[in-house]
Every structure is written in structure tokens, then in C-alpha cells.
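Hello,

Here is the structure for you to look over. My notes on it follow below.

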Amino acid sequence: MKLETFKKQMADLFVCYNREADENAIKAYWEHLKDFKDRDFIAACDNILKNERFFPTIAVFYNYIDKESEWI
């Protein structure tokens with residue numbers, strides 16, 4: 001995915017979950033999620049916002065991205 005897509009989606013998540021953006025966390029998330037397609041990551045973020053009460057762990061992203069990839 002493009003870094004700008006990742007940063008925009010993560011910024012939205014931080015705002016919506018009322019969390020401060022932690023630079024170390026952002027780097028860790030990027031390292032684990034950067035190989036996914038933009039569209040899959042965006043769809044996962046949308047579904048996370050609709051379904052998750054708490055800020056998602058990396059594993060939560062993988063669960064949603066795997067589901068999205070199966071549907072496409």
C-alpha cells in the first residue's frame with residue numbers, strides 16, 4: 001500500500017478512537033501492514049470503525065483484511 005493511504009487511515013482511527021498517535025506504534029503497524037493493497041486496508045479500516053469498540057491490534061487488521069480479500 002502507499003504510505004499516504006496508511007497514514008490517512010491510521011490518523012482517522014486515532015481520532016475516532018480518541019487515541020494519541022504514538023510514533024513507535026505507527027512504525028510497528030506500518031511494518032506489519034504495508035504489504036496489503038490500499039483497497040483492502042481502506043475496507044478493513046471502514047469495517048473496524050463500524051464493528052470494533054477498541055483501537056485495533058495488528059491481528060484485528062489481519063482478520064478484516066483476510067475477510068475482505070476473500071470477498072473480492
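Start with helix α3. Asp38, Asp40, Phe41, Ala43, Ala44, Cys45, Asn47 and Ile48 are buried there. Buried means under 20% relative accessible area, exposed over 50%, and partly exposed in between (1.4 Å probe, protein chains only). Helices are DSSP runs (H or I, at least four residues), numbered from the N terminus.

A note on the source: this is a predicted model, where local features need pLDDT of at least 70, side-chain atom pairs count only at pLDDT 80 or more, and totals for chains, interfaces and linings use all residues. Residues are numbered from 1 along each chain as its sequence is written, and side-chain values use heavy atoms, with hydrogens and water left out.

Next, the packing. The axes of α1 and α3 come within 10 Å and cross at roughly 5 degrees. Axes are lines fitted to C-alpha atoms, for helices over the stretch in contact, with angles from 0 to 180 degrees between N-to-C directions. So α1 is roughly parallel to α3 (angles under 35 degrees count as such). On the α1 side, Thr5, Phe6, Gln9, Met10, Leu13 and Cys16 make the contact (heavy atoms within 4.5 Å). From α3 come Asp38, Phe41, Ile42, Cys45, Ile48 and Leu49.

Leucine 33 is worth a look too. Beyond its neighbours within four places in sequence, leucine 33 is in contact with Met1, Phe6, Phe41, Ile58, Phe61 and Tyr62.

Last, alanine 59. This residue lies in helix α4. Alanine 59 is partly exposed, at 47% relative accessible area. Alanine 59 and leucine 49 are ten residues apart in sequence and 15 Å apart in space, C-alpha to C-alpha.

Best wishes

Definitions and conventions:
Helix = DSSP H or I, 4+ residues; strand = E, 2+ residues; numbered from the N terminus. Parallel < 35°, antiparallel > 145°, perpendicular 65-115°, else oblique.
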